[in-house]
Amino acid sequence: MTASSSEELEAIQNVVDRVTSWQDGATEGTVEGELRKGLDQAGVELGDGDITTLASAIEDEHGAIDAAAVLGR
């Protein structure tokens with residue numbers, strides 16, 4: 001599944017929300033690893049650049065982020 005439909009974006013947002021909820025205090029690389037794991041479980045494929053962008057946004061914002069806005073979709 002690619003990240004273009006509203007269902008896919010919803011799945012991505014659910015993963016982002018789950019990772020964001022516990023990211024404070026996570027070691028570097030943990031956020032990206034958990035994003036990859038969650039996206040894989042959701043059956044959504046994102047490129048490495050998109051995953052890195054989401055991980056950076058989660059780490060920088062320290063709060064809820066809008067995955068579609070971060071990914072420009």
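Let's start with Arg36, which sits in helix H2 of this predicted model. Which residues does Arg36 touch, once its neighbours within four places in sequence are set aside? The answer is Asp48 and Ile51. Asp17 is another residue to look up from here: Arg36 and Asp17 are 19 residues apart along the chain, and their C-alpha atoms are separated by 13 Å.

Now zoom out to the whole chain. Its secondary structure comes to 4 helices and 0 strands, so if you read along the sequence you get the pattern α-α-α-α. For its 73 residues, the globule rule gives a radius of gyration of 11 Å, and the chain's own value of 11 Å is close to that, so the chain is as compact as a globular protein of that length. The C-alpha atoms fill a box of roughly 30 × 20 × 20 Å, taken along the principal axes. Of the 73 residues, 36% count as buried. As for how the chain folds back on itself, take the contacts between residues at least 6 apart in sequence: 56% of these join residues at least 24 apart.

What about the inside? In soluble globular proteins, nonpolar side chains tend to be buried together. Here, the largest nonpolar core has 20 residues. Which of them touch the most other members? They are Ile12, Val16, Leu35, Leu39, Leu46, Leu54 and Ile58. Four helices each supply at least two residues of this core: H1 (6-22), H2 (30-42), H3 (48-61) and H4 (67-71). The largest share is that of H1, which brings 6 residues.

H1 and H2 also meet each other directly. Their axes come within 9 Å and cross at roughly 145 degrees, and the crossing is right-handed. On the H1 side, the contact is made by Ala11, Ile12, Val15, Val16, Arg18, Val19 and Trp22. On the H2 side, the residues are Thr30, Val31, Glu34, Leu35, Gly38, Leu39, Gln41 and Ala42. Sorted by class, this contact has 10 nonpolar, 3 polar and 2 charged residues. Some names come back from the core here: Ile12, Val16, Leu35 and Leu39 are among the residues with the most core neighbours, and they also take part in the contact of H1 with H2.

Is Thr20 buried or exposed? Thr20 counts as buried, because its relative accessibility is 14% and the cut-off for buried is under 20%. Leaving aside neighbours within four places in sequence, Thr20 is in contact with Ile58, Gly63 and Ala64. Ile58 is also one of the core residues that touch the most other members. Glu7 has a relative accessibility of 64%, which is why it counts as exposed.

The loops have residues to look at as well. Gly29 is found in the loop between H1 and H2, and at 43% relative accessibility Gly29 counts as partly exposed. Glu45 has its place in the loop between H2 and H3, and with 57% relative accessibility Glu45 counts as exposed.

Here are some residue pairs, each with its separation along the chain and its C-alpha to C-alpha distance.

| Pair | Apart in sequence | C-alpha distance |
|---|---|---|
| Gly29 and Val70 | 41 residues | 19 Å |
| Glu7 and Asp66 | 59 residues | 15 Å |
| Arg36 and Asp17 | 19 residues | 13 Å |
| Glu45 and Ile65 | 20 residues | 19 Å |

Key
Residues are numbered from 1 along each chain as its sequence is written. This is a predicted model: local features need pLDDT of at least 70, side-chain atom pairs count only at pLDDT 80 or more; totals for chains, interfaces and linings use all residues. Side-chain values use heavy atoms; hydrogens and water are left out. A nonpolar core is a set of buried Ala, Val, Leu, Ile, Met, Phe, Trp, Tyr and Cys residues joined through side-chain atoms within 4.5 Å. Buried means under 20% relative accessible area, exposed over 50%, partly exposed in between (1.4 Å probe, protein chains only). Axes are lines fitted to C-alpha atoms, for helices over the stretch in contact, and angles run from 0 to 180 degrees between N-to-C directions. A crossing is left-handed if the near helix is turned anticlockwise from the far one by less than a right angle, and right-handed if clockwise. Contact means heavy atoms within 4.5 Å. Ala, Val, Leu, Ile, Met, Phe, Trp, Tyr, Cys and Pro count as nonpolar, Asp, Glu, Lys and Arg as charged, and the others, Gly among them, as polar. The radius of gyration is taken over C-alpha atoms; the globule rule is 2.2 Å times the number of residues to the power 0.38.
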